[in-house]
Amino acid sequence: MKILVTGASGLLGANVALEAARAGHEVFGVSHSKTLRTDAFTALTADLLDETALRGLIQQVRPEWVIHCAALADLEACERDPELARRLNGEVPGILAETCRKGGARHKPPRLLHVSTDAVFDGVKGDYVETDEPNPQSVYAEAKLAGERAVAAVDPGALIARVNLFGFSPSGKRSLAEHFLYNLIAGNELKGFTNVYFCPLLVNDIAGIFFKMLAQELSGLYHVFSSECVSKYAFGVRIAERFGLDAGLIEPISVEEFGLAASRSPNLTMIVHKLSTALGEPLPALSPMIERFWGLYQRGYPQEVVGWLAG
Ligand SMILES: NC(=O)c1ccc[n+]([C@@H]2O[C@H](COP(=O)([O-])OP(=O)(O)OC[C@H]3O[C@@H](n4cnc5c(N)ncnc54)[C@H](OP(=O)(O)O)[C@@H]3O)[C@@H](O)[C@H]2O)c1
């Protein structure tokens with residue numbers, strides 16, 4: 001397949017682009033402010049806020065699949081610049097869906113997989129299914145929900161994948177797992193929230209799941225999460241244990257004690273029954289993914305991905 005991956009300099013997009021290339025697909029990875037230096041796939045730059053550039057990108061590449069990972073995904077940055085969050089996370093997905101749906105006059109329209117987030121929920125109830133009513137609690141979450149709705153309104157055939165994730169990023173510091181790992185290696189004390197629950201997937205595993213969803217021509221909204229949910233504190237402890245590091249450096253605290261600007265939804269436990277039924281297989285549990293995360297570290301994978309932004 002010819003695949004266009006947006007956000008290819010970010011945590012999810014970089015790993016999806018790399019895994020797609022390794023699976024034998026022809027991959028075009030799009031970054032914005034950063035220049036990617038990699039032989040793994042064709043690296044392009046574009047500002048997706050520029051509609052002409054966005055449309056030109058689809059016309060130039062003529063992908064069969066578009067995996068839209070680009071976003072303003074930093075919650076605190078969204079609070080600081082709500083207008084940018086609203087445009088990039090809320091409006092661009094609809095424009096991209098419209099561009100994909102129209103395709104080119106002589107070309108089959110590409111299939112779009114739009115990436116969203118568990119943060120669209122308020123985290124009061126937990127165990128969320130796709131039909132539960134969202135109730136966003138931050139600028140980020142509100143804009144991401146608007147993005148989902150814009151995509152669905154333009155193209156009901158598009159795939160919308162709500163995710164949470166961990167892995168190795170080109171910046172070396174984008175994921176919670178990197179935060180725990182590198183601080184623990186440095187012997188730094190750090191904090192872990194005991195009352196915020198999530199069900200993250202390893203980004204490398206998400207890539208494979210996305211390809212299956214696209215290959216099976218699924219459409220509509222899916223929860224794409226681990227079959228196992230944990231508190232952020234427990235997640236840090238699991239990382240520490242697998243890497244043989246001192247879990248005692250992680251102080252268990254409640255999120256309220258920490259005083260973040262953007263409100264966090266506490267119980268983001270998610271049900272993945274719809275997707276596991278569609279794929280005919282369970283979603284991965286945490287232990288095998290932390291094992292793979294450890295294996296990637298042993299093979300020097302973080303240095304490879306960080307190397308894309310070097311120089
Ligand atoms: N990280 C998480 O824990 C998490 C959890 C749930 C859902 N998600 C969702 O997963 C997706 C990926 O998140 P992530 O953490 O991988 O993001 P990230 O690491 O912050 O990367 C964001 C990407 O978006 C690109 N981008 C930003 N502004 C752009 C613009 N104007 N035009 C084109 N590209 C632009 C960035 O490019 P440059 O860096 O080159 O500017 C970068 O490649 C997002 O949809 C996010 O909402 C993430």
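Glutamate 217 sits in the loop between α7 (203-215) and β11 (220-224). Its phi is near 55°, a positive value in a residue other than glycine.

Before going on, a word about where this comes from. This is a predicted model, in which local features need pLDDT of at least 70 and side-chain atom pairs count only at pLDDT 80 or more, while totals for chains, interfaces and linings use all residues. Residues are numbered from 1 along each chain as its sequence is written, and side-chain values use heavy atoms, with hydrogens and water left out.

Now the whole chain. What does its secondary structure come to? Twelve helices and 13 strands; helices (H or I, at least four residues) and strands (E, at least two) are DSSP runs, numbered from the N terminus. Along the principal axes, the C-alpha trace spans about 60 × 45 × 40 Å. A compact globule of 311 residues would have a radius of gyration near 19 Å, and the chain has 19 Å, so the two agree. That radius is taken over C-alpha atoms, and the globule rule is 2.2 Å times the number of residues to the power 0.38.

Of the 311 residues in the chain, 54% are buried. The chain exposes about 13100 Å², and carbon and sulfur atoms supply 50% of that area; accessible areas come from the Shrake-Rupley method with a 1.4 Å probe, and for residues only the protein chains shown count as cover.

Contacts next, where contact means heavy atoms within 4.5 Å. Among the contacts with a separation of 6 or more, 77% are between residues 24 or more positions apart.

And the charges? There are 29 positive and 36 negative side chains, and the centres of the two sets lie 6 Å apart. Here Lys and Arg count as positive and Asp and Glu as negative, with His and the chain ends not counted. Each charge is placed at NZ of Lys, CZ of Arg, CG of Asp or CD of Glu.

Let's go inside. A nonpolar core is a set of buried Ala, Val, Leu, Ile, Met, Phe, Trp, Tyr and Cys residues joined through side-chain atoms within 4.5 Å. Which residues have the most contacts inside the largest nonpolar core? They are Phe210, Met213, Val224 and Phe235, in a core of 72 residues. Another core lies apart from that one; it has 32 residues, among them Leu4, Ile58, Leu72 and Val151.

Do find phenylalanine 235 on the screen. Leaving aside neighbours within four places in sequence, its contacts include Phe166, Leu176, Ala177, Phe180 and Phe198.

Two of those names bring us to helix α6. Ala177 and Phe180 are among the buried residues of α6 (residues 176-185), and so are Glu178, Leu181, Asn183 and Leu184. What do the buried residues of α6 pack against? They pack against β7 (165-166), β8 (190-193), α8 (232-243), β13 (250-253) and α11 (286-298). After α6 comes glycine 187, with a positive phi near 80°.

Aspartate 205 is in helix α7. Is aspartate 205 buried or exposed? It is buried, because its relative accessible area is 14%. Beyond four places in sequence, aspartate 205 is in contact with Pro284, Met289 and Arg292.

Alanine 46, in the loop between β3 (42-45) and α2 (51-61), is also buried, with a relative accessible area of 14%. Not counting residues up to four places away, alanine 46 touches Val30, Ser31, His32 and Leu57. Its C-alpha atom is separated by 34 Å from that of lysine 232, 186 residues apart along the chain.

To finish, look at the loop between β5 (111-117) and α5 (139-154), which holds aspartate 127. Aspartate 127 has a phi near 50°, a positive value in a residue other than glycine, and counts as partly exposed at 45% relative accessibility. Threonine 131 has its place in the loop between β5 and α5 too, and is exposed, with a relative accessible area of 73%. Threonine 131 and leucine 221 are 90 residues apart in sequence, but 9.1 Å apart in space, C-alpha to C-alpha.

Notes: Buried means under 20% relative accessible area, exposed over 50%, partly exposed in between (1.4 Å probe, protein chains only).
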